[in-house]
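Open the model in your viewer and show it as a cartoon. The stops below go from the whole chain down to a single residue.

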Amino acid sequence: MAKITKDTLIVDCLKINPNSAEILQSVGMHCLGCPSARGETIAEACSVHGEDPDRLVAKLRAFFSQD
């Protein structure tokens with residue numbers, strides 16, 4: 001499985017694990033199908049949504065390890 005980092009595009013995160021939408025939406029990222037999701041990194045999305053990128057990456061990695 002690919003490693004999720006702050007530089008991972010939102011769309012790639014969803015491709016790696018479609019269930020990651022649950023985590024992304026829990027921090028206010030509801031527009032996962034919008035054009036920004038295709039070119040925006042996790043860090044960039046966190047900046048827009050006021051989320052700590054390190055904390056979100058840790059949540060995603062923990063979530064992925066449960067699958």
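Predicted model: local features only at pLDDT ≥ 70, side-chain atom pairs only at ≥ 80, totals over all residues.

Residues are numbered from 1 along each chain as its sequence is written, and side-chain values use heavy atoms, with hydrogens and water left out.

Next, select the C-alpha trace of the chain, which spans about 25 × 20 × 20 Å along its principal axes. Buried residues (under 20% relative accessible area, 1.4 Å probe, protein chains only) make up 40% of the 67 residues.

Now select I10, L24, M29, I42, L56 and L60. These have the most contacts inside the largest nonpolar core, a group of 19 residues. A nonpolar core is a set of buried Ala, Val, Leu, Ile, Met, Phe, Trp, Tyr and Cys residues joined through side-chain atoms within 4.5 Å. Colour α1 (10-16), α2 (21-26), α4 (42-49) and α5 (53-66), the elements that each give two or more residues to this core. The largest share, five residues, comes from α5.

Finally, which residues is I42 in contact with, leaving aside its neighbours within four places in sequence? They are I4, T5, K6, T8, I10, L56, V57 and L60, with contact meaning heavy atoms within 4.5 Å.

Key:
Buried < 20%, exposed > 50% of the residue type's maximum accessible area, 1.4 Å probe, protein only. Helix = DSSP H or I, 4+ residues; strand = E, 2+ residues; numbered from the N terminus.
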